[in-house]
Amino acid sequence: MGRVIKMGVAAANYCLRDAKVENPDAIITGTGMGCLEDTENFLCNILNNKEQFLTPTSFIQSTHNTVGAQIALLLTCNNYNFTYVHRDLSFESAFVDSILLLKEGEASNVLLGGVDEMTPNHYSIHSKKGFWRKGVTTSEFFYENSKGTIPGEGAAFFTLSSSPKDPYAAVLAVEILFNTNSQEDLKKILDRIFSSNNLEAKDIDLILLGANGDQEGDRVYSEFKENFFKENNAAAYKNLCGEYSTSTAFGVWLASQILKKKEIPAGVSLSRTPEKEVSKILLYNSYNGNHSLILLSSC
Amino acid sequence: MSRKVVITGLGVISSIGNNVQENYNSLTSLKPGIGHIQNLDTVHKNIIPVSEVKFSDKDLAHMAEFDMSRPVTRTTLLGIIAAREAYHSAGLDKVAKLRTGFISATSVGGMGKTEMLYQKYLDPADNGDFMKFLETHDCGESTERIAEALGIKDYMTTISTACSSSANSIMLGARMIKAGMLDRVIAGGVDSLTVFTINGFNTLMILDKEHCRPFDDSRQGLNLGEGAGYIVIESEEAAKAGNRPILAEVSGYANTNDAYHQTASSPDGQGAFLAMKKALEVAGLTAEEIDYINVHGTGTPNNDLSEGTAMTRLFGTQVPKFSSTKSYTGHTLGACGGIEAVYSTLSIMNKTIFPNINFKVKMKELDLAPETSLLSGVDIKSVLSNSFGFGGNNSALVFKKI
């Protein structure tokens, strides 16, 4: 069984225990690459043994919805169970669906998660394309002006509830913008988020950026900050979790912790010391002209 | 949320035809697409029958009008062909701007290319031009390419819940339209045959060496297939305002989990039962009002018994007419919900029930027999379409005549 399944099931369990939910009304997961280890195992067995002497276990567990399915199996949960696999927007897609289910009244709580694993093969194949930097472990890597990032993996789960007890944060917006590099388009989405929540840019206490240290890729984040949030406090978080398709889920977990505990962990490298308590956090992530914006507020 | 969601366009490519008309012709002339493997390099070539789209990637690229100097997978090409047919048949290319989404589904995405190149990927010294295909592996890639071919960018996403994937994309599309998040959605799914899936299902020992025989007592398993099926769904207001012909309504949908086993279905068909029951509730229909079920009916001993049990639980002794069109197309995995949504709509439009070919003898456990000959002139008001997948993922859709 691949680590992604173990990580996913473990994180889901912690999450449900934390929220005191026994059986959620829905289980929705996002994963960019799915069950890589099991997929690679089965594929390598096919190739190395010329399609002979194969056993089904890793094939069975290679299916993209295995994490959601295993959680349902362990809980005997017959409810809605979806898995989104849309590249770096997999977690965001799952988030959009979760909110829709709550709004429809089809669920009063939803177990939402983002999961992805790193494997030796995935690492070495992507090394050939110059994806990774070596020997960097701290936030300094944001300032080194070079190519590549640090590989990551993880599972982060959330219980979303329409009538929460003791919540971490309120979700004010989850927006996705596709296939554009226009700052005008980004501005339109930001204006929509602000007007529907009666906010202005200055009300955002912290911008959490998906910058990953790759000099060229990070330009989009510095432009975003410069164009729309010049005066706001900002931080990046991928020095803590590495880069992976659903790392935004880690970002949302971090933001939720900051909002509930009312303190910012030392590992988060801020542009300046906050003057007041952080109560509104906007996460921004981007890849290949696609953008996601998630706005959270303290409760 | 009283917005009606209607179907205004259909698109399909499968082993029995490159477009809706060809598929319809094969279905009504009882011609299945099952045969020997032609396009894949595998040791199972002359042993395991499949339901293949009989064109090379090069031919498909020509049909899809795709520039082959760019990295592309068979999955993307099949998807473009079917999604574009749906898009054009609804006349969306001529329509003023409405919020349009593309929701696709696939079970293995770009695996077909990955399995050919994987050993080269792993060789640290080999950094040739083939490396450009690396980005075509994941499931979301085909969705981005197809959406790009159609010029859709208001919303897109990809669902992968094994063999219920594309039924789920239709369900999500319908919900997003009902909620007012989008005006219209091209929804469905695509999968291409791969050595990976053939070996996977082969190790599970659920591939029939003969043509599959859904619901027959002698059934030995499924035949794998490939293809793509998409429907255009929109709010009734948008369709009416644009004067587009309404083919049917998506009136019910549900997704549940069997929570019994990673790959096997429960003996009592609990997940399937709950999905069908809930879909009827959403559609506001009683069991008696379903005129036809396009069953999941893969032909595996386990699925058909479990699904049949669930149908008997829900419909009692009055199980509606039903058939599995997988006896023509094979099991197209992440595409089957989309393809069968197209077929279900064709059933309503043409008052026709496509038969379950190769069926002869009822299974011992259940008193259930599918339709075995083509039925025409049947007034079909509501169709239930089932799609069930690994991980206990069970979906049911209800299509209604307008």
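At what angle do the axes of α6(B) and helix α12 (residues 336-350) of chain B cross, and within what distance do they come? In this predicted model, the two axes come within 5 Å and cross at roughly 65°.

## Confidence of the prediction

The structure is a predicted model, and the predictor assigns the complex an ipTM of 0.98 together with a pTM of 0.98. For chain B, the mean pLDDT is 97, and 99% of the residues of this chain reach 70 or more. Where pLDDT is low, predicted coordinates should not be read in detail.

## The contact between chains A and B

Across the interface, 49 residues of chain B are in contact with 45 residues of chain A. On the chain B side, at least two residues each are supplied by the helices α4 (111-122), α5 (139-150), α6 (165-178), α7 (195-203) and α9 (270-283), and likewise by the strands β4 (155-159) and β8 (248-257). Sorted by class, the residues with which chain B touches chain A comprise 21 nonpolar, 24 polar and four charged.

## Two domains in chain A

The domain assignment of chain A gives domain 1, which covers 3-118 + 153-161, and domain 2, which covers 170-297. Taken over C-alpha atoms, the centres of these two domains of chain A are separated by 25 Å.

In the contact between the domains of chain A, 22 residues of domain 1 meet 17 residues of domain 2. The elements of chain A that give two or more residues to the domain 1 side are α5 (90-104), β3 (109-116) and β4 (154-161), and the largest share of that side, six residues, comes from α5(A). The residues on the domain 1 side divide into ten nonpolar, seven polar and five charged.

## Helix packing in chain A

Helix α1 (residues 3-19) and helix α4 (residues 66-75) of chain A have axes that come within 9 Å and cross at roughly 50°, which makes α1(A) oblique to α4(A). The crossing in which α1(A) passes α4(A) is right-handed.

## Helix packing in chain B

Helix α2 (residues 57-64) and helix α3 (residues 74-89) of chain B pack at an angle of about 35°, with their axes 9 Å apart, and α2(B) passes α3(B) in a left-handed crossing. The contact is formed by B:D57, B:L60, B:A61, B:M63 and B:A64 of α2(B) together with B:R74, B:L77, B:L78, B:I80 and B:I81 of α3(B). The class count for α2(B) with α3(B) is eight nonpolar and two charged residues, with no polar residues.

For the pair named at the outset, the crossing angle of roughly 65° is the reason why α6(B) and α12(B) are described as roughly perpendicular to each other. Here B:S165, B:S166, B:A167 and B:I170 of α6(B) make contact with B:C336, B:G337, B:G338 and B:A341 of α12(B), and the residues of this contact divide into four nonpolar and four polar, with no charged residues. Helix α6 (165-178) of chain B also supplies at least two residues to the side of chain B that touches chain A.

Terms used:
Residues numbered from 1 in each chain as written. Chains lettered and ligands numbered in written order. Predicted model: local features only at pLDDT ≥ 70, side-chain atom pairs only at ≥ 80, totals over all residues. pLDDT = per-residue confidence, 0-100. Contact = placed C-beta atoms within 7 Å. Helix = DSSP H or I, 4+ residues; strand = E, 2+ residues; numbered from the N terminus. Nonpolar A, V, L, I, M, F, W, Y, C, P; charged D, E, K, R; others polar. Domains from an automatic or database assignment. Axes fitted to C-alpha atoms, helices over the stretch in contact; angles between N-to-C directions. Parallel < 35°, antiparallel > 145°, perpendicular 65-115°, else oblique. Left-handed = near helix turned anticlockwise from the far one by under 90°.
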